[in-house]
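Dear colleague,

I am handing over the structure below, together with some notes on what was found in it. Please keep it open while you read.

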Amino acid sequence: MLLLGTMRKGIKYKVVLFLAFAGFLWAGSSYAADVSFSVRYQSNLLFQGQTVLPAPGTVTLNDMNGVPRTINAQSALALLANIDAASPAFSVSKLQYFPGFSPPSLYLKCITIPAEVVEACDNWLYVVNGTSPNLGMDQYILQGG
């Protein structure tokens, strides 16, 4: 489960993302893992569904200054971006790049929720399968099992 929350003008905003490996499709020596993913904003479920963990590789996402940044295609952030591209319920609207982090990292600054006409920003926390990783979402690599 990914749990995201932010404070804005004294009101607590929460977006909850849930990841759980639901199964595997075996094809020879390789597999594709299905991932359950949910995005929640306060009490509203914005997205819930299955998605396939992408093949190993990289993807490029633009930071909030329009600079392209390459990340692992199997990272939690890349999976969120894939779901964003397929769902009109929310959009990753601002990714801030921090070259001073070790390793340099993208920070999920804002998610825009069109139905709520709100951009929920800052103080993000995410949880995967009940654990809060000590890595940024772009550095946390999902895997089967």
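Across which strands does helix α1 lie? Helix α1 (residues 76-86) lies across β7 and β8 and runs at about 150° to β7, where helices (H or I, at least four residues) and strands (E, at least two) are DSSP runs numbered from the N terminus, and where angles run from 0 to 180 degrees between the N-to-C directions of axes, which are lines fitted to C-alpha atoms, for helices over the stretch in contact, with contact meaning heavy atoms within 4.5 Å.

Please note that this is a predicted model, in which local features need pLDDT of at least 70 and side-chain atom pairs count only at pLDDT 80 or more, while totals for chains, interfaces and linings use all residues. Residues are numbered from 1 along each chain as its sequence is written, and side-chain values use heavy atoms, with hydrogens and water left out.

An open sheet of three strands has the order β7-β8-β9, with antiparallel pairing; two strands pair if DSSP finds at least two bridges between them. Because β7 (91-98) and β9 (118-121) stand at the edges with a single partner strand each, one side of each is left without a neighbour in the sheet. Neighbouring strands of this sheet are turned by 25° against each other on average, direction ignored. Between β8 and β9 there are four bridges, and T112 stands opposite E119 in β9.

Elsewhere, β5 (residues 58-62) and β6 (residues 68-72) run antiparallel and are joined by five bridges, with P68 as the bridge partner of N62. These strands form a hairpin with five residues between them, and G66 in the turn has a positive phi of about 85°.

Best wishes
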